[in-house]
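Subject: Structure for your files

Hello,

Please find the structure below, followed by notes on how its chains meet.

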2 protein chains.
Amino acid sequence: MSKIDMVGEKILLDHGAGGRASHELVTRLFLRYFGTNDGESFEDSVLLDLAGGRLAFTTDSFVVTPIFFPGGDIGELAVNGTVNDLAMRGARPLYLSAGFILEEGLALSDLDRIAASMAKAARAAGVRIVAGDTKVVPKGAADKVFINTTGIGLADEGVDISASGARPGDKVILSGTMGDHGLAVLCRREGLVLDTEIRSDTAPLFGLVEAIIGAAGRDVHVLRDPTRGGVGTTLNEIALSSKVGIFIEESSLPVNGAVIGACDILGLDPLYVANEGKLLALTAADSADRVLATMRAHELGRQAAVIGQVRADQPGRVFLKTKVGGLRLVDMLTGEQLPRIC
Amino acid sequence: MSKIDMVGEKILLDHGAGGRASHELVTRLFLRYFGTNDGESFEDSVLLDLAGGRLAFTTDSFVVTPIFFPGGDIGELAVNGTVNDLAMRGARPLYLSAGFILEEGLALSDLDRIAASMAKAARAAGVRIVAGDTKVVPKGAADKVFINTTGIGLADEGVDISASGARPGDKVILSGTMGDHGLAVLCRREGLVLDTEIRSDTAPLFGLVEAIIGAAGRDVHVLRDPTRGGVGTTLNEIALSSKVGIFIEESSLPVNGAVIGACDILGLDPLYVANEGKLLALTAADSADRVLATMRAHELGRQAAVIGQVRADQPGRVFLKTKVGGLRLVDMLTGEQLPRIC
């Protein structure tokens, strides 16, 4: 099934029935991108030799629409989203599974493009896609393609990074600008054309995590990627888990001009818009300068900034010091600001 | 969110937005069934201490309709389907992730029932559901609920069970009757009422696998659960992977009377209908009697039967000796016999 063979071809219910057509889809499309020659391709589960240790395990389903958008696509997102959830525990991502739910009638060329994108993203992230599954549902029972990825990583024994690890005095560092991913998807979906195209920030973050841990070791208390719900919601989760108050400064928050403009037009707050290639690091104050410098020296952290600090008062809450000097409560996202953003 | 609170409540887009409503759904529903007190519930990934060894890893998405059917539901299926794929490599199932894609408007009481069923099935299978994700798509973009489960198991170093392990002379043993799951789902979907209700055979198979390995050790060459595509397709996969011919006898195939009757009405061949609590074991001929006796002594193998044997001729092909003495080629399932059966 070369690319040319697939032009005009569509996914049929057959492709998910577990019979000959399923076998051909796996052989001719998925294994072309994800396959190895280890003879494990048609087993019920794959066997992986692993050193003992602290296994990190995470799952995420991707339902983004449109499936292709400026800066990425659902396949790249599905790889980066899951490797980043492993990285946020300080774990090196190793293996992914990929479960596809396809709508009857999906263009095979679109699926091919998505699989190619996943394979490329996996190489960039240093992981292997070793297990897969494909289901097909009748036209109208799903929307084009949904992808679940589930990941396995390994964490060093010494690493103890957790959403409950923030301590009063910690500095809150954001690795770059807010809201690029969410706005890139939304602008494409709504047909909003801006002077400057907003591109998704989707990227694998383990390299940046490794650099941060290298710079500050156990002084790194929390790492978290602010995806759905954005920086505002993620900080709330950390404040709740760690039973601390978090105070951030509006004037310190990095946001691209185009994102500010689009948010104004659409009535959105960039604090709640999803990111797919950014992280929040909460580190002991003594190490904050070192972490900031390390992040800025990394290609995925050039615009990193200290955006606030952790305090013992107001546990479970997040406050924003506005540019005019007021203090406002930053709640979790309430209401659906942006459906199907990842 | 007690059960009573949820009567009449429905899933909203909010529940998948990653903000407060998502947090409440996780806290009040999922963690009530899957939660532990290890403080890992709101991390990006869970950390698991694991002895080194041969990790088995597998993924499966479940899109069955209807979501409740005689003998089971989508939740029980999602647990058993994945633990069985681990068990078929001889691996003890340990951990599962669960990724939900929900359609806006799904009754919360249905989701509650599914989560309860998954928790019960996980206990029965001896696994823990340790990672999860929930996405919500607008009404019409999915059909009620899709569930991905991905599983981790551990295999003993000595175990070498694989679809490519069949050898000429091996006996082919089926652990029980064919087609019960597929027909149970289809009869419910089509409103077909029979004198005897057909119930899904969904069950976790690792206990049976352990008994088989205990009885025959390295003489167990292949284990495989004939789900989508049924026994006919699964035997084809084994014949292809192992480069052997497989010859089965129609008169030896165990099928329930009600399944035969329903297949006649619906024009289906039970050889291609999905099972969710059966396995095929290919073992050295010397151990076949011992394996058969072991299976029959287990509650999930009471109707086990030797259905055929492996030969060196006709590699990659499966043949059925019919009751009247003819020999017919058993191909892989072609065409979609039963969409959305798992």
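Copies here are superposed by least squares on the C-alpha atoms of residues with pLDDT of at least 70 in both; the model is a predicted one. On that basis, a rotation of 180° with 0.0 Å of shift along its axis places chain B on chain A, at an RMSD of 0.0 Å. This is the relation of a two-fold axis. Within chain B, Gly52(B) has the C-alpha nearest the axis, 1.7 Å from it.

The interface: 78 residues of chain B are in contact with 78 residues of chain A. The copies meet through the same surface, because 100% of the interface residues of chain B are also interface residues in chain A. About 6,300 Å² is buried between the two chains, and carbon and sulfur atoms give 54% of this area. Asp44(B), Phe57(B) and Arg89(B) supply 13% of what chain B buries against chain A, more than any other three residues.

The salt bridges between the chains number ten. In one salt bridge, the side chain of Arg20(A) meets that of Asp331(B) at 2.5 Å, N to O.

Elements involved: several elements give two or more residues to the side of chain B that touches chain A, including α2 (20-34), α3 (74-87) and β5 (91-103) of chain B. β2(B) gives the most, with nine residues. By type, that side of chain B divides into 34 nonpolar, 24 polar and 20 charged residues.

Leu55(A) stands opposite Leu48(B) in β1(B).

Regards

Methods:
Residues are numbered from 1 along each chain as its sequence is written. Chains are lettered from A and ligands numbered from 1 in the order in which they are written. This is a predicted model: local features need pLDDT of at least 70, side-chain atom pairs count only at pLDDT 80 or more; totals for chains, interfaces and linings use all residues. Side-chain values use heavy atoms; hydrogens and water are left out. Contact means heavy atoms within 4.5 Å. Buried area is the accessible area (1.4 Å probe) that two parts lose on being put together, summed over both. A salt bridge is a side-chain nitrogen of Lys or Arg within 4 Å of a carboxyl oxygen of Asp or Glu. Helices (H or I, at least four residues) and strands (E, at least two) are DSSP runs, numbered from the N terminus. Ala, Val, Leu, Ile, Met, Phe, Trp, Tyr, Cys and Pro count as nonpolar, Asp, Glu, Lys and Arg as charged, and the others, Gly among them, as polar. Two strands pair if DSSP finds at least two bridges between them.
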